[in-house]
Amino acid sequence: MATKKTTVRRARRGERKLKVPACSARQAQIQRLTLFPGSAHHRCLTSLSLGSAGGEMAAALSRALKLPGKKGSDLGEYDPLTQADSEDESEEDDLVLNYPRNGLAGSLGAGSSKLRGSRSGRLVGDEDEAQEDEDDEDEWRERLPAKSRADRDDVTGAQYRSHRDSDRGGEGRAGPGASGGSGVGAHGADAEQKRRRARNAVRSAFFLVPLVCAALLVLLCAFLLPCQKRELEKRPQWESALGEAGGVTPPALSLWDVDGDSVEDVFLGVTEWTNDTRPALGNKVYSAVALSGVSGQVLWRKVMRESVMYIQCGLQYSGQPSPVVLLIGKSVLMAVNGTTGKTLWLVQLKNIESQAVLLPDLQGDLVPDLLVATLPADETLDLSLTLLSGRTGAKLGHPVPFNLTGQGKLIGPLLHETQQGAYYILFGLGNVEAISLRDVYIRATMGKMPITQALRGKDTGWEGLKKTNSSSFIHIYRGSERVEFLLPLLPGLGDNHNSLDPAWNLNSSKSDWVLVYGSSKLSVLRQKDIRKEWTFNSGPIHSQPAPGHFNDDGILDLFIQHSANGIMKALVVDGANGHLLWSAEFVCPRLVLETSAIATSTGQSAFLFWAGDPIKAPKNVTTATVSPGVAAAEPLIRKLFLLHPAHATVLLELTSTTDTAVTSAVSYQERTKDASYITVSSRPTADSEPGARVIKSTSLRAAVIKGQIVRLEESGKSGGVVKPGAFEVNKFFRGLSFKHQVRETHSSATSF
């Protein structure tokens, strides 16, 4: 019986093998679908084809899911009809429907076509091996007893149901997506694409972020930082006409900030004609005018009874924030409020010849006192020194006369403080004498007023310089050649025409002196022993020397100028040894105006001076010596030059004009690192009317930007330096800034 069943099964097996070609069309369709085992069409068509083959296919397929497959003779072919050998039709359907989701078929569904082909081949091999195992199992079952076979069937059924439940659970976990394998592959492709996009985004960010930052930086520089040229054009530059020109006599001029805008304002003595009055009638109006340093507008005007000779600023009262301005005429000295012009006090004197000298506090009222020199026109009277209260203007005692034997220009008076704290007054007529301030105070008050602490100091060294014990004078200079100038050796001397600045006085009273005598000799006097440091001989010196730093030895050098035969020669003398450092010749501008030395950012000084065209060859000398008639027919053009030691072979021409500058001053703007050059000029008119008095403020940095380079002749150089290029010179001057000269502050027992 068993042999018969085995024969039947073998026949049935061969029959099935013979039926395979008949299903070639159907099998090809199914085989095409196996290329996408994870798709819904694959599952449906596989289920339909296997369902029609019979129930015996379920058991074989279940084994195929568990056992490793092997390739058959027909590689790459897959016939699901040969795998059916089960009697349980319901389990067959469930297993067939769940089959594509077992193993690795789903995960490889999105792979390459080559992988899918190889996988299909392995599946066909697995089915063939499963069929052979099925046949072997059937034979084994025939040999077992009935009871054992039933138990075996129960166990096998339980295994089938358990596997079915696990497959169904896996299908539920797979989610609603019908194509699990292709979904995983698509997810991998999407992830790769996202990573690629992220890398591209990072590369773009690395390129765009620096580009955007650079663009923002350019916009910041363009809009937030002001343009240098426009900024320079907005700096204080103005021009104002005030009154009538009074010839070449320089008017009173002083600078001080009285409106609190950190820019020094301008104080000027003005002479005007009354309305509807011709000059011949002689009706003049004298006044002192305060002008804004920013705009040139009139802040206040103070009418005077006589011409203003000197204007001095810097006196401070305790408890009063407004500065005090002194207006000095020939016979009156008036103190006014610098902000409003209101009169504070007034004192009547006769024949005032000098500015006021700032003294230490002689009365103990915490306000510095003053000293002025008077020199009557009557030669029978002598030069006198008068002490005044700085708070009220009242006279301290009476004037002290001195019988001076010298003749010539009034020198001083100047205050000097020795190293031992003793105060002396330097003054003279054609010579220089010194007298103790203590002696002047005692003689003025007749010994009736107490001597304050400031007057108790004595210097035995200076007292030993007296010729006799009975003499009150110490001879600073006495000789056959008259003294023309005596001034403290200080940087920025005379920049703002202010001698009442306490800080300036504190330094000037302890410095060495510059002495010009015999009209052509220049010397430096040491204050410690009143000896000459050196002497330099030149032509006639008509203007006050300007101390400044030309070289880098830290010692102040001197800029001087002298004129002869229509030629003006400018020179710089070394302050250490009196040697010549620089010189140049110019057409004489026919004016006497002091040179201004201005401290710059390089540590050296820039020298501003007026002159004609530079003389580059001897043949040009004849053009300078013209007759007065020709000069009147052709107005002389005067030029303002700037000399900097870094480029001593070139000059920078800042401006040119036909006006006659009679006085000048320099105002510093620390915030903008600039300086304003203020000039007072007489402007000629076409008719015979008197010329106008014009005051003008010019920003030096703005003038430097517009300046023209003027090269000097080789012989005017101070060495064999190679000529700098125009680009180098322009770059240097455009980067030049100006600052207030730092003055060393000395300690003193008595503060001003």
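## Close-up views of a predicted model

View A. Six bridges join strand 4 to strand 5 (residues 298-304), and the two strands run antiparallel. The structure shown here and in the views that follow is a predicted model. Within this pairing, A290 stands opposite W300 in strand 5. The hairpin of strand 4 and strand 5 has six residues between the strands, and in this hairpin G296 takes a positive phi near 85°. Strand 4 (residues 284-291) is also joined to strand 3 (residues 265-273), in this case by eight bridges, again with the strands running antiparallel. In that pairing, V266 is the residue that stands opposite L291 in strand 4.

View B. Four strands form an open sheet in the order 14-15-16-17, and their pairing is antiparallel. Strand 14 and strand 17 (474-477) are the edge strands, each of which pairs on one side only. From one strand to the next, the twist averages 25°. Strand 16 (residues 432-436) pairs with strand 17 in the antiparallel sense over three bridges, and A434 has I474 in strand 17 as its bridge partner. Helix 10 (residues 437-445) packs on the sheet, where it touches strand 15 (423-429) and strand 16, and the direction of helix 10 makes about 65° with that of strand 16.

View C. Residues up to four places away in sequence not being counted, I476 touches L426, V432, E433, A434, W462, L525 and I530. L465 lies eleven residues from I476 in sequence, and the C-alpha atoms of these two residues are 9.2 Å apart in space.

View D. T452 is found in the loop between helix 10 and helix 11 (460-463). The relative accessible area of T452 is 17%, so this residue is classed as buried. When neighbours within four places in sequence are left aside, T452 is in contact with D361, L362, Q363 and G364.

**View E. The salt bridge between E239 and R683.** Side chains of opposite charge can pair when their charged atoms come close. E239 forms a salt bridge with R683, and the closest N and O atoms of the pair are 3.0 Å apart. Because E239 lies in strand 1 (residues 238-244) and R683 in strand 31 (residues 674-683), the pair ties together parts that are 444 residues apart in sequence. E239, at 42% relative accessibility, counts as partly exposed, and R683, with a relative accessible area of 30%, is partly exposed as well.

**View F. The salt bridge between K510 and E417.** The side chains of K510 and E417 meet in a salt bridge with an N to O distance of 3.9 Å. K510 lies in the loop between helix 12 (502-508) and strand 19 (513-517), whereas E417 lies in strand 14 (residues 410-417), so the pair ties together parts that are 93 residues apart in sequence. K510 is buried, with a relative accessible area of 17%, and E417 is buried with a relative accessible area of 4%.

View G. D529 forms a salt bridge with R526, with the closest N and O atoms 3.0 Å apart. At 24% relative accessibility, D529 counts as partly exposed, and R526 is likewise partly exposed, with a relative accessible area of 24%. Elsewhere, E192, R195, R196 and R199 are linked in a network of salt bridges. The count for the structure comes to 15 salt bridges. A disulfide is a covalent bond between the sulfur atoms of two cysteines; the structure holds zero disulfides. Among the cysteines, C213 counts as partly exposed at 46% relative accessibility, whereas C313, at 0% relative accessibility, counts as buried.

Definitions and conventions: Residues are numbered from 1 along each chain as its sequence is written. This is a predicted model: local features need pLDDT of at least 70, side-chain atom pairs count only at pLDDT 80 or more; totals for chains, interfaces and linings use all residues. Side-chain values use heavy atoms; hydrogens and water are left out. A salt bridge is a side-chain nitrogen of Lys or Arg within 4 Å of a carboxyl oxygen of Asp or Glu. Buried means under 20% relative accessible area, exposed over 50%, partly exposed in between (1.4 Å probe, protein chains only). Two strands pair if DSSP finds at least two bridges between them. Axes are lines fitted to C-alpha atoms, for helices over the stretch in contact, and angles run from 0 to 180 degrees between N-to-C directions. Contact means heavy atoms within 4.5 Å. A disulfide is a pair of cysteine sulfur atoms within 2.5 Å.
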